[in-house]
Amino acid sequence: MATGRTHRPATRSRGIPEATVARLPLYLRALTALSERSVPTVSSEELAAAAGVNSAKLRKDFSYLGSYGTRGVGYDVEYLVYQISRELGLTQDWPVVIVGIGNLGAALANYGGFASRGFRVAALIDADPAMAGKPVAGIPVQHTDDLEKIIQDNGVSIGVIATPAGAAQQVCDRLVAAGVTSILNFAPTVLTVPDGVDVRKVDLSIELQILAFHEQRKAGEEAASTDGAGPVAAVRKESADKGPDGDVPAVMPA
């Protein structure tokens, strides 16, 4: 069986922009949903809407794959699923290790979408000796003392870090030294890696903070609207801010 260690996706060698690579999973998710409904073809407009991008950007992205669709017919759904899967390297087996089997690590281990997308959880690793041997999602947890051997025995090139922040860099260093060249980091910290190692960071707290910012802004806009803010209110406010002479602000801006 092919492994991630010996086979690499062709996207970089073919010069596909990183922004396009980042959108390919969005297209694949939308196409997979269409395929499951036995939809044979899809227009660029329909697919773009399902993926949350504009159709011009979608057509440009697909041009890097050499796929241009058929005028009046659209794109063949099954062929695009295969083509994008191939470009992303999902037509082969990618063994993955998850390090840190707390609540988040266990949830990741139980996620059913890995296998259907070309990823196989080869091992679960944790520093707690009490966790050793305990099955999570049907896989026995192994101790971090055996990390290097686990990586080598399974030909792993992708590691998932779900440890506390304080342990993440040390785990990262050991993964890289053992041969891992791609890391998905769930720990709330920035990892330092050498050239040739790719890191994707998923920080749920940051995403929630960004949403909080938008909620606060929306609340402020609603409050302003309730207070009568708008062109008329702005004129009223300007008049209220004028000084005794009616043309000079009572308080000059700093």
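Helices and strands here are DSSP runs, numbered from the N terminus. With that in hand, let's take a friendly walk through this predicted model.

**Two residues with a positive phi**

Most residues other than glycine have a negative phi. To find A137, look in the loop between β5 (135–136) and β6 (139–143). S38 also has a positive phi, near 60°, in a residue other than glycine. You will spot S38 in the loop between α1 (18–36) and β1 (41–42).

Are these residues buried or exposed? S38 counts as exposed because its relative accessibility is 62%, and the cut-off for exposed is over 50%. A137, with a relative accessible area of 39%, is partly exposed.

| Residue | Phi | Relative accessible area |
|---|---|---|
| S38 | near 60° | 62% |

Rolling a probe the size of a water molecule over the atoms shows where empty space is left. The second largest pocket has a volume of about 170 Å³. Which elements give two or more residues to its lining? They are β4 (119–126) and α8 (165–178). Of the elements, α8 gives the most, with four residues.

The lining includes I125 and D126, along with A167, Q170, V171 and R174. By type, the lining residues divide into six nonpolar, four polar and two charged.

Technical notes. Residues are numbered from 1 along each chain as its sequence is written. This is a predicted model: local features need pLDDT of at least 70, side-chain atom pairs count only at pLDDT 80 or more; totals for chains, interfaces and linings use all residues. Side-chain values use heavy atoms; hydrogens and water are left out. On a 1 Å grid over the protein atoms alone, a cavity is a set of points where a 1.4 Å probe fits but cannot get out, and a pocket is an open set with protein on both sides within 12 Å along at least five of seven lines; lining residues have an atom within 4 Å of a point. Grid points are joined across faces, edges and corners, and a volume is the space filled by probe spheres set on the points. Ala, Val, Leu, Ile, Met, Phe, Trp, Tyr, Cys and Pro count as nonpolar, Asp, Glu, Lys and Arg as charged, and the others, Gly among them, as polar. Buried means under 20% relative accessible area, exposed over 50%, partly exposed in between (1.4 Å probe, protein chains only).
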